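Subject: The structure we talked about

Hi there,

Have a look at it first, and then read on for what turned up.

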Amino acid sequence: MGSKPIVMACANPIPEIYPYAAKQAGAYIVATGRGDFPNQVNNSMGFPGILKGALTVRAKKITDEMAITAAHALADFAETRGINPENIMPTMDEHEVFPYVAKAVGGKAVEQKVARKILSNDEIFRQTRHDIITSRKIFETLMDKGFIAQPPEEMIKKALDKAIEAVSL
């Protein structure tokens with residue numbers, strides 16, 4: 001490998017090589033498609049912002065340029081908040097990334113004239129941020145009131161183990 005090699009092992013649920021093994025072999029940065037390892041790189045990071053941006057401006061379609069803009073917005077967000085070899089991407093828990101990406105995607109849709117609703121980047125950001133915060137508050141309230149139960153840790157572990165076992169056969 002060259003100096004400071006990057007390994008993207010994105011097969012899911014079992015990556016082509018586990019991060020610890022890649023690191024032992026000399027990898028500087030390791031990314032997988034799984035959220036339980038550092039550096040999750042899969043569509044779950046792009047879709048919330050891409051779809052929210054496209055829906056906010058009522059885009060007729062999602063263009064390649066809109067998707068590329070989303071990738072750049074994710075990278076810009078990560079750089080702004082700081083990166084290191086174990087943290088090159090925002091995580092699903094960093095919900096503030098999604099309005100940031102939505103703003104970029106919606107703005108690109110307006111620029112490309114595929115938006116049915118013309119909004120400024122600030123309007124797109126404010127609306128998507130408001131919608132995401134409101135949805136999170138509703139979900140948290142439903143969990144706090146017991147209408148939605150938190151899945152037991154053991155259930156999550158069993159489901160993951162079963163998926164890994166099925167793939168291993």
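The protein chain has 6 helices and 2 strands, and from the N terminus on the elements run β-α-β-α-α-α-α-α. Helices (H or I, at least four residues) and strands (E, at least two) are DSSP runs, numbered from the N terminus.

A word on the source: this is a predicted model, in which local features need pLDDT of at least 70, side-chain atom pairs count only at pLDDT 80 or more, and totals for chains, interfaces and linings use all residues. Residues are numbered from 1 along each chain as its sequence is written, and side-chain values use heavy atoms, with hydrogens and water left out.

**The chain as a whole**

The C-alpha atoms fill a box of roughly 50 × 50 × 30 Å along the principal axes. Of the 169 residues in the protein chain, 33% are buried; buried means under 20% relative accessible area, exposed means over 50%, and partly exposed is in between (1.4 Å probe, protein chains only). Among contacts with a separation of 6 or more, 56% are between residues 24 or more positions apart, where contact means heavy atoms within 4.5 Å.

The protein chain exposes about 10,600 Å², and carbon and sulfur atoms supply 58% of that area. Accessible areas come from the Shrake-Rupley method with a 1.4 Å probe, and for residues only the protein chains shown count as cover.

For charge, there are 21 positive and 20 negative side chains, and the centres of the two sets lie 7 Å apart. Lys and Arg count as positive and Asp and Glu as negative, while His and the chain ends are not counted; the place of a charge is NZ of Lys, CZ of Arg, CG of Asp or CD of Glu.

**Salt bridges**

The structure holds 5 salt bridges, each defined as a side-chain nitrogen of Lys or Arg within 4 Å of a carboxyl oxygen of Asp or Glu. Here are some of them.

One joins Glu86 to Lys23, with the closest N and O atoms 2.7 Å apart. This pair links distant parts of the chain: Glu86 is in the loop between helix 3 and helix 4 (97-111), Lys23 is in helix 1 (residues 19-24), and they are 63 residues apart. Glu86 is partly exposed at 41% relative accessible area, and Lys23 is partly exposed at 31%.

Another joins Asp131 to Lys52, again with a closest N and O distance of 2.7 Å. Here too the pair links distant parts of the chain, with Asp131 in helix 5 (residues 121-144) and Lys52 in helix 2, 79 residues apart. Asp131 counts as partly exposed at 24% relative accessibility, and Lys52 counts as partly exposed at 24%.

There is also a salt bridge between Arg34 and Asp36, whose closest N and O atoms are 2.6 Å apart. Arg34 is buried, with a relative accessible area of 8%, whereas Asp36 is partly exposed at 45%.

**A nonpolar patch and a buried threonine**

Phe47, Leu51, Leu55 and Ile62 make a nonpolar surface patch of about 380 Å². Patches are made of residues with over 30% relative accessible area and no salt bridge; like charges are joined within 9 Å, and nonpolar side chains (Val, Leu, Ile, Met, Phe, Trp, Tyr) within 5 Å. Ile62 sits in the loop between helix 2 (43-56) and helix 3 (64-81), and it counts as partly exposed because its relative accessibility is 42%.

Thr69 belongs to helix 3 and counts as buried, at 19% relative accessibility. Apart from its neighbours within four places in sequence, Thr69 is in contact with Ala104, Val105 and Lys108.

**Loops and backbone details**

The loop between helix 4 and helix 5 holds Ile118, which is exposed at 61% relative accessible area. Ile118 and Glu154 are 36 residues apart in sequence and 47 Å apart in space, C-alpha to C-alpha.

Lys113 is also found in the loop between helix 4 and helix 5; its phi is positive, about 65°, although it is not a glycine. Lys113 counts as exposed, at 68% relative accessibility. Lys4, in the segment before strand 1, likewise has a positive phi, near 50°, and is exposed at 55% relative accessible area.

Finally, the peptide bond from Asn12 to Pro13 is cis, with omega near 5°. Pro13 lies in the loop between strand 1 (6-9) and helix 1.

Best wishes
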